[in-house]
Amino acid sequence: MQPLKISLETAQKLAKALGVPLERVMHMPPHILMQKLLELEKKEKGHDPS
């Protein structure tokens, strides 16, 4: 599987936000990454008091 076509900065931010190693983010299938990002967004919106 090819690495995702994202910048190193973006991959580092995603790894930190998702709590996974950078290598895992770079080799994660795009559909799985999108699912994880949607889950993260829902979690953040749930904790937002505004």
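**Helix packing and a salt bridge in a predicted model**

Let me begin with Glu41, which is partly exposed, with a relative accessible area of 38%. This residue forms a salt bridge with Lys45, and the closest N and O atoms of the pair are 3.4 Å apart. Lys45, for its part, is exposed, at a relative accessible area of 58%. Both Glu41 and Lys45 belong to helix α3, where they are four residues apart, or about one turn of the helix. The structure holds one salt bridge, and Glu41 with Lys45 forms it.

Among the elements of the chain, the lowest mean pLDDT, 87, belongs to helix α3, residues 30–47, while the highest, 91, belongs to helix α2, residues 22–26.

The largest nonpolar core is made up of nine residues, namely Leu4, Ala11, Leu14, Ala15, Val20, Val25, Met26, Met28 and Leu33. Two elements, α1 and α2, each give two or more residues to this core, and the largest share, three residues, comes from α1.

That brings me to α1 itself. Which residues of α1 are buried? They are Ala11, Leu14 and Ala15, and because these buried residues fall within an arc of 100° when seen down the axis of α1, they line one face of the helix. The buried residues of α1 pack against α2 and α3, whereas the face turned away from the buried side of α1 carries the exposed residues Glu9, Lys13 and Lys16.

Finally, a word on what flanks this helix. On the preceding side, Ser7 is found in the segment before α1, which itself spans residues 8–18, and with a relative accessibility of 39% Ser7 counts as partly exposed. The C-alpha atoms of Ser7 and Met26 are separated by 9.7 Å, the two residues being 19 residues apart along the chain; Met26 is also one of the residues of the largest nonpolar core.

Terms used: Residues numbered from 1 in each chain as written. Predicted model: local features only at pLDDT ≥ 70, side-chain atom pairs only at ≥ 80, totals over all residues. Heavy atoms only, no water. Buried < 20%, exposed > 50% of the residue type's maximum accessible area, 1.4 Å probe, protein only. pLDDT = per-residue confidence, 0-100. Salt bridge = Lys/Arg side-chain N within 4 Å of Asp/Glu carboxyl O. Core = buried A, V, L, I, M, F, W, Y, C linked by side-chain atoms within 4.5 Å. Arc of directions from axis to C-beta. Contact = heavy atoms within 4.5 Å.
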